[in-house]
Amino acid sequence: MPAIATSSSQGSAAVLRFGRFAAMGTVAVLILIAGVWASWGTAQHVMLTKGRERGTVDVTRCGADACWGRYTPLSEGSQPRARVVLEKSVAVERGRTYTVVLKSGSDDAVRSGPAGVLYAWIPLGGALLLASVVVAGGLLRARAGWVMALSGVALLTAAFVAV
């Protein structure tokens, strides 16, 4: 009888290990998908600029959530505008000029260039940091967790330096 009990407990342990692996793997993947999804809303305008209006914004005023100013076009077919809106963040200051891409069919602008690309991918950097804890702790993959964490830190640091 002890052989049957040992076999049964080994099978239960294997099922539990697989369950933990499946659950933690799912959580890690969902965190990363959410990071990419949150980043892509802005990143698509910055990275896929063909056919979009590009120019500069001289920030003249800032409110609680946004800054705005005069838009000067740099691309063909783009028209000057008296006011475009740029999301307010620590990266936007009154009195400065920024290169931007306008979102299609609106007066909303997104920073362009290397700083804009890095700023757009900040949510992915946070997701990498969060998912690294799940991968290292839940999946017991310390090396992969460290790689993810260092990638997230590198992305966030590069965005901080560039912006």
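These are a few notes on a predicted model, taken point by point.

1. Ground rules first. Local features need pLDDT of at least 70 and side-chain atom pairs count only at pLDDT 80 or more, while totals for chains, interfaces and linings use all residues. Numbering runs from 1 along each chain as its sequence is written, and side-chain values use heavy atoms, leaving out hydrogens and water.

2. The unreviewed UniProt entry lists residues 21-40, 118-137 and 144-162 as "transmembrane region"; such annotations may be inferred rather than shown by experiment. In the model, residues 21-40 are 100% helix and 0% strand, with the end C-alpha atoms 28 Å apart. Residues 118-137 come out at 95% helix and 0% strand, and their end C-alpha atoms also lie 28 Å apart. Helices here are DSSP runs (H or I, at least four residues), and strands are E runs of at least two.

3. Helix α2 (residues 113-120) has Ala115, Gly116 and Ala120 buried, meaning under 20% relative accessible area with a 1.4 Å probe, protein chains only. Those buried residues fall within an arc of 130° seen down the axis of α2, so they line one face of the helix. The arc is taken from the directions from the helix axis to the C-beta atoms.

4. The largest pocket holds about 270 Å³ of space (an open set of points on a 1 Å grid where a 1.4 Å probe fits, with protein on both sides within 12 Å along at least five of seven lines; lining residues have an atom within 4 Å of a point). Its volume is the space filled by probe spheres set on the points, which are joined across faces, edges and corners. Of its 16 lining residues, Thr42, Glu87, Ala109, Val110 and Tyr119 are the closest to the centre. β5 gives the largest share of the lining, 4 residues.

Notes:
Buried < 20%, exposed > 50% of the residue type's maximum accessible area, 1.4 Å probe, protein only.
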